[in-house]
Amino acid sequence: MTTINPDKNRLRDLPKVDIILQHEALGKWRSTPLAVDIIRELLDETRQLVMEDDSTIIPDIPDLARQACAQLDDRFRSPLRRVLNGTGVVIHTNLGRSPLCESAITEMNAVARGYSTLEYDLKNGRRGSRHNLVKQSLLALTGAEDALVTNNNASAVLLALTALSKRKEVIVSRGQLVEIGGSFRIPDICRVSGAKLTEVGSTNRTRIADFRAAVSDRTGMILKVHPSNFRVIGFVEETSLAELVALGKEFGIPVVDDLGSGALDNLSAHTTQLPSETLVRESVEAGADVVTFSGDKLLGGPQAGLVVGKTATITKMCMHPLMRAVRPDKLTFAALSATLQEYLTGTHTQSLPIWRMLTASVEELEEWLKPLSIEIQSATEDTGLRLEIGPSTSYTGGGSLPEEELPSHALVFSGSQRRLKALQTDLRLADVPLIGYLKDGGFHLDARTLMIESREEIEVLLLAGLEVES
Ligand SMILES: *Cc1c(COP(=O)(O)O)cnc(C)c1O
């Protein structure tokens, strides 16, 4: 007589893969090959546990199907998710820069759902050009002769360097050989384009004479770069765009002005909190052959590189083979077109989330926080933490107005560091993640970047996070 191994006997109770695969608890993963793999893994694990410990409870069919479904949902859920930004950094590159205005979202929706006139001329029933989709708006807003749009500002600068200065020299001030972040460095982008970088001047002072001395028959272009995210203070001298343009004219060399943020309207005229920024229109007026700027920084639109300037230069860029590789898609054009419309009609100050956030006053932000603070006060006390509305510092961010600080207000939780860290993590891992920061012994949620969201939604998330902590 052979003795039956009791473990093996119990393993017979394990449900079969095919049966679990049919169970409705698998949801949308039912009968998929991915579900087969996960179920096999789950069954293997269970088998292992039973072998190790005879008293292990064998899960039933619905239970296994539910586990498989949860694991598949978790593994294949899009990692690109909506978050609520409590960091106070308005143009936050890691969190997707500019939230879009309603009209941009509506236009994207309409164009996404079906076919569109991306490259179709309705008047003549013929092929059209995507380059014309926002051209009139850009010309009206900047006063330029011509315009084109690329995938982002980095590609706009790359395209300018390649089309105008490949195998030639590009003259740049040593004070502007910047790194914008995300590994966009002017020297590197020059190298990639095939243009030879000619540095002139010094880190803190560059004069027009330095540029003049560097001009030769090998010069392809003069590049001016907005130092975006840093500032040199003290003994500083910078060459003005007008001086560079005059020099360029004298020698027939195009001058490219990379503005980075590129404002279409002056924020400082709408709030006392911010200094004035060079407008794109001013660079155009100063005579730059090409002006490049981002669509998703101060402009408040989708990721894009906007290029405006003189027809001859813009045409050269547009005809270059690289243009095909850096052109934006229909959704970008839809959102951009709607965003530019807001500027044309003067409604941008109210409709663009970026503008609402950057122009909100400290008092406004404090008022906005009050009801929220009252609603979550007692739940906070239950956790042993304290809550108050406190002054905080928010930032424009995104390499826009350099390191510009804005006074703000935040919900500030204080108490044990361990608890604060735990609350921060709970909120970050919530279904809709709420991102805040720890500073000076407190956990901060800044009102400036939260005010475009629903206060009720934030309240629900906070109450759930505090519940876990109590
Ligand atoms: C941000 C920035 C860039 C890069 O623009 P993206 O839109 O991020 O590609 C280039 N130059 C300057 C001066 C910038 O500030």
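Tutor: A polar contact is a pair of N or O atoms within 3.5 Å; within protein, one must be able to donate a hydrogen and the other to accept it, and residues adjacent in sequence count only if both atoms are side-chain atoms. This is a predicted model, where local features need pLDDT of at least 70, side-chain atom pairs count only at pLDDT 80 or more, and totals for chains, interfaces and linings use all residues. Residues are numbered from 1 along each chain as its sequence is written, and side-chain values use heavy atoms, without hydrogens and water.

Student: Which side chain has a polar contact with that of Thr198?

Tutor: The side chain of Glu169, at 3.4 Å.

Student: Is Thr198 buried or exposed?

Tutor: Buried means under 20% relative accessible area, exposed over 50%, partly exposed in between (1.4 Å probe, protein chains only). Thr198 has 15%, so it counts as buried.

Student: How are two packed helices described?

Tutor: By the angle between their axes and the distance between the axes. Axes are lines fitted to C-alpha atoms, for helices over the stretch in contact, and angles run from 0 to 180 degrees between N-to-C directions. Here the axes of H7 (residues 153–165) and H12 (residues 311–319) come within 9 Å and cross at roughly 100°. H7 is therefore roughly perpendicular to H12 (65 to 115 degrees).

Student: What side-chain atoms lie by the ligand's oxygen and nitrogen atoms?

Tutor: A polar side-chain atom of Arg97 is 2.9 Å from a ligand oxygen. For Lys297, a side-chain N or O atom lies 2.8 Å from a ligand oxygen. A side-chain N or O atom of Asp258 lies 2.6 Å from a ligand nitrogen.

Technical notes:
Helices (H or I, at least four residues) and strands (E, at least two) are DSSP runs, numbered from the N terminus. Angles under 35 degrees count as roughly parallel, over 145 as roughly antiparallel, 65 to 115 as roughly perpendicular and the rest as oblique.
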